[in-house]
Amino acid sequence: MAAHSACDFGGGKAEKLALAKYRQTIWGGRVLNSQFTDEELRSQGRCPLTPEEIGLLLAALGFDNSTRLYLASHKVYGGEARISTLRELFPLMENKKSLASSEERARIKGKASLLAAVDYYVGMHSDIFVSASPGNMHNALVGHRTFENMKTIRPNMALLGQLFLNKNITWLEFRQAVAEGHQNRQGQLKLRKPKQSIYTYPAPDCMCRA
């Protein structure tokens, strides 16, 4: 998803080469360099949130270091170096490796669908779900959890992109802006608009009519 976004994640020349390779290998060259600058992409909400940014979002929304997180991801771009800041903010962070036994992991190793199913199962049984990047898993989980009336935070990507670009913002200002920008993005039922996915917006199609 990092490669698909065409965004810059601060890794310099080595990152650009690595993401270019991903685009060719995984996406078959279908993802080209964007006509927009990185700042424009972030301001438009087109860039996936990094682990550090997810940590700041959660902290601004009032989650503290006693919050238990499950990291639903096959592979985080940048590895442990990118996850370490999130782990410092939320030390009670779990993933498939920490929750499953070695025997259980061996049975699903290399099986992408089963690995994704584990993430989906945990995501559906969590008190709250928040996604770093809209995608197929995000769409399915958001729609399913909405249908079940479960709290699901939809990050305001455009707002967050603009806030993270503001190097002069204070923590108080950031926290207030995040809280205000997410008041109506925490699982409230939204009716599907034309051309929107029924999986992400199950209402009104998946509703009983009396």
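Reader: At what angle do helix α4 and α11 pack, and how far apart are their axes?
Author: First, the general idea. Axes are lines fitted to C-alpha atoms, for helices over the stretch in contact, and angles run from 0 to 180 degrees between N-to-C directions. In this predicted model, helix α4 (residues 51-60) and α11 pack at about 80°, with axes 9 Å apart. Angles under 35 degrees count as roughly parallel, over 145 as roughly antiparallel, 65 to 115 as roughly perpendicular and the rest as oblique. So α4 is roughly perpendicular to α11.

Reader: Which residues of α4 and α11 meet?
Author: Contact means heavy atoms within 4.5 Å. Leu56, Leu57, Ala59 and Ala60 come from α4. They meet Trp171, Phe174, Arg175 and Val178 of α11.

Reader: What classes of residue make up the contact of α4 with α11?
Author: Ala, Val, Leu, Ile, Met, Phe, Trp, Tyr, Cys and Pro count as nonpolar, Asp, Glu, Lys and Arg as charged, and the others, Gly among them, as polar. Here the contact has seven nonpolar residues, no polar ones and one charged.

Reader: How is a pair of aromatic rings described?
Author: By the distance of the centres and the angle of the planes. Rings of Phe, Tyr and Trp (its six-membered ring) pair if their centres lie within 6.5 Å; planes under 30 degrees apart count as stacked, over 60 as edge-to-face and the rest as tilted. The structure holds two aromatic pairs. In one of them, Phe164 and Phe174 have ring centres 5.5 Å apart and planes at 40°, so this pair is tilted. Phe164 sits in helix α10 (residues 157-165) and Phe174 in helix α11, 10 residues apart. Ring pairs also bring in Trp171, giving a cluster of Phe164, Trp171 and Phe174.

Reader: Are Phe164 and Phe174 buried or exposed?
Author: Buried means under 20% relative accessible area, exposed over 50%, partly exposed in between (1.4 Å probe, protein chains only). Both Phe164 and Phe174 are buried.

Reader: Where is Arg154, and what does it touch?
Author: Arg154 lies in the loop between β4 (152-153) and α10. Helices (H or I, at least four residues) and strands (E, at least two) are DSSP runs, numbered from the N terminus. Arg154 is buried, at 10% relative accessible area. Leaving out residues up to four places away in sequence, it touches Val142, Thr146, His182, Arg185, Thr200 and Tyr201.

Reader: Which residues have a positive phi although they are not glycine?
Author: Asn149 is one, with a phi of about 60°. It is in the loop between α9 (136-147) and β4. Lys195 is another, at about 75°, in the segment after α11. Asn149 counts as exposed at 68% relative accessibility. Lys195 counts as exposed at 88%.

Reader: Where is confidence lowest, and where highest?
Author: pLDDT is the predictor's confidence in each residue, from 0 to 100. The chain averages 85, and 93% of the residues score at least 70. Confidence is lowest in helix α1 (residues 2-5), at a mean of 73, and highest in helix α11 (residues 171-181), at 96. Where pLDDT is low, the predicted coordinates should not be read in detail.

Reader: What else should I know about the conventions?
Author: Residues are numbered from 1 along each chain as its sequence is written, and side-chain values use heavy atoms, with hydrogens and water left out. In this predicted model, local features need pLDDT of at least 70 and side-chain atom pairs count only at pLDDT 80 or more, while totals for chains, interfaces and linings use all residues.
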